[in-house]
Amino acid sequence: MKEDIEESVTGLAYTDNMSISWKVVDYHPDDSHLALVNESNESFLRAVSAISEFTKDLSDVAPGLSHEIARLDLKLNLVLDLVSQLVYKQLDIPDICRVTVTSGEVMWGADSVPPPKKMIFVQLYIQHGTPKPLCFYGQVVTSVDDFVSGKARVNFVGLSGPVQQWLDKLIFRHHRREVAFKKAANSDAKSDS
């Protein structure tokens with residue numbers, strides 16, 4: 001199922017195991033409601049970006065400062081991980097599945113997926129260890145055959161320009177990391193040969 005979803009993607013995509021939940025809504029969200037959702041998403045994506053950014057290497061300029069920043073970063077990450085584990089146990093966060101996020105849509109496979117042509121509200125836990133989801137409205141554009149086989153394809157509805165930009169940055173950052181990981185794995189495989 002994962003391969004089928006990933007093969008149908010064009011452009012940059014972020015694929016990972018994520019928790020996702022959805023519910024069918026019987027209305028099209030109005031501008032004021034979309035503005036509230038977008039405001040929350042922009043704040044969340046900015047925070048995710050700040051958490052995910054790597055500190056500039058200062059080892060040549062100020063080795064002591066670079067070491068201290070790295071040490072504080074490790075401590076902060078440990079605290080975030082511990083707090084997240086506690087919060088996750090308290091919340092009813094859905095099971096994970098393989099999810100692909102692109103600039104315009106989200107795709108996943110599961111036992112239960114939304115029916116084609118429906119408007120849905122989605123909660124997507126895109127940041128591991130963070131119990132806050134990216135929330136959005138989406139239009140289900142899954143084909144009937146894909147629906148029957150347990151695949152979902154949902155176009156974003158009403159994302160603001162800033163939210164779209166932050167989402168695109170997140171996708172690009174994950175894509176860049178995946179490329180770097182593959183290069184490192186290939187060079188390790190070559191050196192082992």
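This is a predicted model: local features need pLDDT of at least 70, side-chain atom pairs count only at pLDDT 80 or more; totals for chains, interfaces and linings use all residues.

Which does E105 count as, buried or exposed, and at what relative accessibility?

Guide: E105 counts as buried, at 14% relative accessibility. Here buried means under 20% relative accessible area, exposed means over 50%, and partly exposed covers what lies in between, with a 1.4 Å probe and protein chains only. Residues are numbered from 1 along each chain as its sequence is written, and side-chain values use heavy atoms, with hydrogens and water left out.

Now to the partner of E105. Its side chain meets that of R153 in a salt bridge, at 2.8 Å from N to O. The two ends come from distant parts of the chain, E105 from strand 3 (residues 105–109) and R153 from strand 6 (residues 151–157), 48 residues apart. A salt bridge is counted when a side-chain nitrogen of Lys or Arg is within 4 Å of a carboxyl oxygen of Asp or Glu. Strands (E, at least two residues) and helices (H or I, at least four) are DSSP runs, numbered from the N terminus.

Let us stay with these strands for a moment. A152 is also in strand 6, and at 3% relative accessibility A152 counts as buried. Its C-alpha atom is 7.4 Å from that of V140, twelve residues apart along the chain. A110, in the loop between strand 3 and strand 4 (119–125), has its C-alpha atom 8.0 Å from that of A152, although 42 residues separate A110 and A152 along the chain. A110 counts as partly exposed, at 26% relative accessibility.

E42 and R46 meet at 2.9 Å, N to O; being four residues apart in helix 2, E42 and R46 are separated by about one helical turn. R46 is partly exposed, at 43%. In helix 3 (residues 63–90), R71 and E68 are three residues apart, again about one turn of the helix, and their closest N and O atoms are 2.6 Å apart. R71 is partly exposed at 33%, and E68 is partly exposed at 30%.

Rings also connect parts of the chain. There are three aromatic pairs in the structure. Rings of Phe, Tyr and Trp (its six-membered ring) pair if their centres lie within 6.5 Å; planes under 30 degrees apart count as stacked, over 60 as edge-to-face, and the rest as tilted. Y27 and Y137 have ring centres 6.1 Å apart and planes at 65 degrees, so this pair is edge-to-face. Y27 lies in the loop between strand 1 (14–25) and helix 2 (31–52), and Y137 lies in strand 5 (residues 134–140), so the pair ties together parts that are 110 residues apart in sequence. Y27 is partly exposed at 41%, whereas Y137 is buried at 2%. Together with F121, Y27 and Y137 form one aromatic cluster.

Of its 193 residues, 33% are buried. Helix 5 (residues 161–192) has 32 residues and reaches 46 Å from first C-alpha to last, close to the 46 Å expected; that span is 1.5 Å times one less than the number of residues. Among the buried residues of helix 5 are W166, L170 and R173. K169 lies over the face of W166, at 4.3 Å from the ring centre; such a charge counts if NZ of Lys or CZ of Arg is within 6 Å of the ring centre and within 35 degrees of the ring normal.
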